[in-house]
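Here are my notes for you to read alongside the model. Have the structure open while you go through them.

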Amino acid sequence: MNLRSFIQGLVLVLAAGPVAWGQSLRLPTPNRALLTPGAEERYFVGTVGRTWQSGTFGCVRSEGTQLHEGIDVRAITRDRKGEALDPVFATTDGVVSYVNRKVALSNYGLYVILSHQREGVEFYSFYAHLSEIGPAVVPGRRFKAGERLGTLGRTANTKQAISKDRAHVHFELNLRLSEQYAAWHAAHQKGMRNDHGDWNGRNFVGFDPVPALRGAAVDPSFSLLRYLRGQTELCRVIIRATSLSFARRNPGLVMRNPRAEKEGIAGYEIALNHSGVPFLTIPRAPSEIRDPAKVRLLSVNETEARARGCRKLVIRKGGRWELGTNGQNLLSLLLK
């Protein structure tokens, strides 16, 4: 992609401004308790022996040290044997990108991934632990918001099975880091299986879907772009690259920089939230990048790092902050 095409695309997105699409973002199942204040326990399924909060998004697993990248939505309809019957719907208009119909290949069990384009953002919705997936759910098939994808369930390949009373859909909203994950995996994750190619879960970073689902339910003018741009910053980095596929695919998350437009792009400054979402990208000109390093950590929001640092994107070492292994891998994927 040449610089002129990139700038033209970015100008069109920014000129259009936030697009009202709240009415087309829907809850993924018939359970609507999320929209009733104080009814969260009827909506989220917690892990075994834990409260409903462990079924929400964020640093809520393993005593706050493990990130849960989605939400677990409770079933509200069951058959005589106690098995869940709730249908699972497309949360918004999208295209089927990937379908896993082999339970043994994932701790997500049977799952579906849809891709979506809104306001200059390419994002993905995940629907996991399904008991069945509709026969028409195949890659390339378009689905409208509210169309049925399958049935909520409890499939998984984990040692501890999901009990009937905990049947749920694990639902995520994500951004995709790289278009070439399989090649990156082969080079950086040697010895580790990759049963899902470019659709491996390591290639996605999730953002909390709850504010989006609630916001869209009460405000028809809800803007996903505005929500993403408003994420709390965990850290800021700069990477040396003359082009970035993530920026090309998500022009809504890119800020204009007249200096880079004039001189050309030598790198990108990127703001990450605590789960790794690159919610702000700024092209940088050669005159703005003095450090020869391929990747450099510019700043850390210490309050956020201490409060929600469970993914360990940045770590404190020897009295200073540096990128952790997860942070390094994330940026390596962005560069791929």
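**Notes on the disulfide and its surroundings**

1. Start with the S-S bond of cysteine 59 and cysteine 310: its torsion is about -80°, so the disulfide (a pair of cysteine sulfur atoms within 2.5 Å) is left-handed. The two sulfur atoms sit 2.1 Å apart, and a search of the whole structure turns up one disulfide.

2. Now see what the pair ties together: distant parts of the chain, 251 residues apart. Cysteine 59 lies in strand S1 (residues 58-61), while cysteine 310 is in the loop between helix H7 (302-307) and strand S17 (314-317). Helices (H or I, at least four residues) and strands (E, at least two) are DSSP runs, numbered from the N terminus.

3. Are these cysteines buried or exposed? Cysteine 59 is buried at 19% relative accessible area, and cysteine 310 is buried at 10%. Buried means under 20% relative accessible area, exposed over 50%, partly exposed in between (1.4 Å probe, protein chains only).

4. Cysteine 235 is in no disulfide; the nearest cysteine sulfur, that of cysteine 310, is 13 Å away. Cysteine 235 is buried too, at 1%.

5. A word on confidence: this is a predicted model, where local features need pLDDT of at least 70, side-chain atom pairs count only at pLDDT 80 or more, and totals for chains, interfaces and linings use all residues. Residues are numbered from 1 along each chain as its sequence is written, and side-chain values use heavy atoms, leaving out hydrogens and water. The chain averages a pLDDT (the predictor's confidence in each residue, from 0 to 100) of 93.
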